[in-house]
Amino acid sequence: MALTSRYTTMEASSSSSSSVKQPAAVVTSALRCWSYTKAERQHLFRVSRLFITLYYVYVSYYGLFVLDLNGVDHPTWGNLGSNWWWKCVSVWNLILQISYFIYCTVFIDFADSGPGKSWKKLRLQQNKKIRDFIFVSLVFPLTIYVCVMFWAICAVNKPLLFPNEMNNWVPDWYNHAVHTNPIVLTLFDMATTKYRLPKLIESTAGLFALSASYVTCLLYNKYTTGRWVYLIIGEVTESLTEVIIYFAVTAFIMPFMCLLIGHKMCSWFSSSQMKGKHKMS
């Protein structure tokens, strides 16, 4: 009887310890991703970017065909003209994200499959150079700027940026899909891709060209409708000088700071990957 009870106790304790170890084993196996070979990791990251691309395609489909923002009654904004959401910087950033990930998926990650694979493989290094320029110069700084600024302004005075009426049309998950998830997915892409940094002056020229295009869009909308797309611009600016200072700070200086952060982070991640290769060898 004593031996039987002792055996039963040992069996129970071993089963309980194994049940405790199961979650730890799952976490450990997930963390072993970085112990895979280089080819296995690259394949995993390629598949991950494919899912990110499909995710952005769905977000775009939902925004264009499900939300139907043309029918939004927005008394706070007034008449902003038809297709007014195309004038929002968040939508510009979403378009940039979609274009970037589709480009990476088609012309780099899966260049060895599908139609035109010989042409894409032949120009693979050139395609990577274009990818590096777009990500470092445009995707990263604009994403950081849009996400951080949106939630910072919402924390202070949300109606100035996202009027309360919009809650009746835009669900919370879609708001996070446009203003939260991009920064997470961008950082993931930065951590899993080795970028060759373009020259800072070239990155700055590309970013400032994009900023100038967006400022022109806002000014044109103000000229044609008499209203700013964002209420906050009318709240903080009254004279032409204040408008110039506002756009100089928000459209050029702050994105340029995000660009410098992106250059520094890409350089750090690239050096970390090189150190990891040396350790494995």
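UniProt, in an unreviewed entry, places the feature "transmembrane region" at residues 47-64, 84-111, 132-153, 204-223 and 243-262. The model discussed here is predicted, and two of these annotated stretches can be set against its secondary structure. Over residues 47-64 the chain is 100% helix and 0% strand, with the end C-alpha atoms 26 Å apart, while residues 204-223 are likewise 100% helix and 0% strand, with their end C-alpha atoms separated by 28 Å.

The annotated stretch 132-153 begins at Asp132, a residue found in helix 5, which covers residues 124-157. Asp132 counts as buried, because its relative accessibility is 5% and the cut-off for burial is under 20%. Leaving aside residues up to four places away in sequence, Asp132 touches Tyr195, Arg196 and Pro198.

The structure holds 22 aromatic pairs. One of them joins Phe45 and Phe188, whose ring centres are 6.3 Å apart and whose planes stand at 85°, so the pair is edge-to-face. Because Phe45 lies in helix 2 (residues 38-66) and Phe188 in helix 7 (residues 181-192), this pair ties together parts that are 143 residues apart in sequence. Phe45 counts as buried at 5% relative accessibility, whereas Phe188 is partly exposed, with a relative accessible area of 30%.

Turning to the cysteines, the structure holds zero disulfides. Cys154 is buried, with a relative accessible area of 13%, and Cys266 is buried as well, with a relative accessible area of 2%.

Note on methods: Residues numbered from 1 in each chain as written. Predicted model: local features only at pLDDT ≥ 70, side-chain atom pairs only at ≥ 80, totals over all residues. Heavy atoms only, no water. Helix = DSSP H or I, 4+ residues; strand = E, 2+ residues; numbered from the N terminus. Buried < 20%, exposed > 50% of the residue type's maximum accessible area, 1.4 Å probe, protein only. Contact = heavy atoms within 4.5 Å. UniProt positions renumbered as here; feature names shortened; annotations may be inferred. Disulfide = S-S within 2.5 Å. Phe/Tyr/Trp six-rings, centres within 6.5 Å; stacked < 30°, edge-to-face > 60°.
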